[in-house]
Amino acid sequence: MITSSNTSYSPTSSDKTILVLKDQLRRAKIYIGFLPSRGNHGFVKDLRRRMRDIQQALSGTTIDRQLPKNVHKKIRAMESILTKIKQVHDNCAAAIDKLQTNLHWTENQLEANKQEATYAAQVAAKALPKRLHCLALRLTNEYYTSSSNNKHFPYQDKLEDPKLHHYALFSDNVLAAAVVVNSTLIHAKKPADHVFHIVTDKLNYAAMRMWFLANPPVKAAIQVQKIEEFTWLNSSYSPVLKQLASQFMINYYFRTPQNKPDRNPKFRNPKYLSILNHLRFYLPEIFPKLNKVLFVDDDIVVQQDLSPLWSVDLKGRVNAAVKTCGEVFHRFDRYLNFSNPLIAKKFDRHACGWAYGMNMFDLSEWRRQNITAVYHYWQEQNEHRLLWKLGTLPAGLVTFWNNTFPLDRSWHLLGLGYKRNVNPMDIEQAAVIHYNGNLKPWLEVGLPKYRSYWSKYVNFDHAFIRECHIHP
């Protein structure tokens, strides 16, 4: 603008009067756009009258001397109304600035609250509930005070029989493991053909054994082991064990700088330090005499007989799993860092991911292709978490790349641990339902609408469950 809104007109400004008039008219048009919405009808009426005066003065004129004699009076009158309007506008602008400042502060506060809520949700999802801790303590005490004659499982001759249906379950949650075993056998047409291999940690070993000693599966064989029994699984053999004990990993998981709060606390969840999560990559070593093993997570529920899975022809593939192409975030680029040339060169960013939690593994083909070496290679490449951040699914995606046979989707339904709108008909028809996500059915934060599918396989009349106040 040639003159600012607080510039008064000087009649000595010869040859520039037309420019002043045009500037006033331009400013007036700007103001006229917002004044009616603020109820300033008096200003609007006066401003429109002054605008007509200016437009009439400018009509057909090209030089100052062609302007009417009273033009200076018109200019002063217009400047007066523009000044008054500017004062009103400035007050509005100040109010708007204040509102924007408050809005910015509110948005920052909301973001901080969201981060706190996310952190609290992670803690609630990963921490062991008091009732389950009580159950583990009661079972452990019972195990060490009971007679040694009652500490042997029946049907131990079945543990290495390759003709039977073998399950691998790696868990530190006694109740969850019990639900997996119970729901599987209830729906099994031939329970005697099923063998469950449970591996847990030293802390929960006694409790896990005591539960299944006191509640033995009917006709089925069961084995409970602890990780410490696998003496071959050490840092000199397993890259991930070496990494988990490294200073880099300790700093990564436990030493977040105070001035750099973590926006996503799940990336610092120490559960990923547990070797239980990585045992799935050592199935041939754990079961050297078996040809096939069905790997299951402890947050699943079985709803149909799973025996037909052992008859599925994997066509030379090592892993059989349900693919998860239905949602964008299940593509490879959601899990892997494709800005890294090692990843970009080897994998397709749009390739379908697949689900861990109910996987048939052909151990004979695994050994023949030396898949464990493939896993070790990628773990070594990812030592500093540059290829993927956390979890075993990204490691599985790269390890079993082009080596996964797609199962029919009805075998494995995901999402009951985070989706709030899973179709009830899909749940009823699925062979296995999976509570993947933070909202596990044994947690208070679990989704109530799905809890009954899990809780109906818990014996709430059991003395220890009652004493620990575990309810449906």
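**A helix and its surroundings**

Tutor: Helix α15 spans residues 448–455, and its buried residues are Y450, R451, Y453, W454 and S455. Buried means under 20% relative accessible area, exposed means over 50%, and partly exposed lies in between (1.4 Å probe, protein chains only). Helices (H or I, at least four residues) and strands (E, at least two) are DSSP runs, numbered from the N terminus. The model is predicted: local features need pLDDT of at least 70, side-chain atom pairs count only at pLDDT 80 or more, and totals for chains, interfaces and linings use all residues. Residues are numbered from 1 along each chain as its sequence is written, and side-chain values use heavy atoms, with hydrogens and water left out.

Now the partners. Contact here means heavy atoms within 4.5 Å.

Follow those strands. β5 and β10 belong to an open sheet of 3 strands, in the order β5-β10-β9, with mixed pairing. β5 and β9 (412–413) are the edge strands; each has a single partner, so one side of each lacks a neighbour in the sheet. Two strands pair if DSSP finds at least two bridges between them. β5 and β10 run antiparallel and are joined by 3 bridges. In that pairing, I300 stands opposite H434 of β10. Strands of a sheet pair through backbone hydrogen bonds, either parallel or antiparallel.

Step back to the chain. The secondary structure comes to 16 helices and 10 strands. Of its 472 residues, 47% count as buried. Among contacts with a separation of 6 or more, 76% involve residues 24 or more positions apart. The accessible surface is about 24700 Å², and carbon and sulfur atoms hold 52% of it. That area comes from the Shrake-Rupley method with a 1.4 Å probe; for residues, only the protein chains shown count as cover.

Next, the aromatic rings. The whole structure holds 24 aromatic pairs. Rings of Phe, Tyr and Trp (its six-membered ring) pair if their centres lie within 6.5 Å; planes under 30 degrees apart count as stacked, over 60 as edge-to-face and the rest as tilted. Y167 and F196 are stacked, because their ring centres are 4.7 Å apart and their planes are at 15 degrees. Y167 is in strand β1 (residues 165–170) and F196 in strand β2 (residues 194–200), so the pair ties together parts 29 residues apart in sequence. Both Y167 and F196 are buried. F281 and Y375 are stacked too, with centres 4.0 Å apart and planes at 5 degrees. This pair links distant parts of the chain: F281 is in the loop between α8 (247–254) and α9 (283–286), Y375 is in helix α12, and 94 residues separate them. Both F281 and Y375 are buried.

Charges also sit over rings. The rule asks for NZ of Lys or CZ of Arg within 6 Å of the ring centre and within 35 degrees of the ring normal. K226 lies over the face of Y205, 4.8 Å from the ring centre. R280 lies over the face of Y356, at 4.6 Å.

Then the salt bridges. One is a side-chain nitrogen of Lys or Arg within 4 Å of a carboxyl oxygen of Asp or Glu. The count comes to 13. R27 bridges E79, with the closest N and O atoms 3.1 Å apart. R27 is in helix α1 (residues 17–34) and E79 in helix α3 (residues 71–126), so parts 52 residues apart in sequence are tied together. R27 is buried at 2% relative accessible area, and E79 is buried at 7%. D23, R26, R27 and E79 are linked in a network of salt bridges.

E467 bridges R138, with the closest N and O atoms 2.5 Å apart. E467 is in helix α16 (residues 463–467) and R138 in helix α4 (residues 130–145), so this pair ties together parts 329 residues apart in sequence. E467 is partly exposed at 39%, and R138 is partly exposed at 32%.

Last, two backbone details. R385 has phi near 60 degrees, a positive value in a residue other than glycine. R385 is in the loop between α12 (371–381) and α13 (393–399), and is buried at 8%. N402 also has phi near 60 degrees. N402 is in the loop between α13 and β8 (404–406), and is exposed at 57%.
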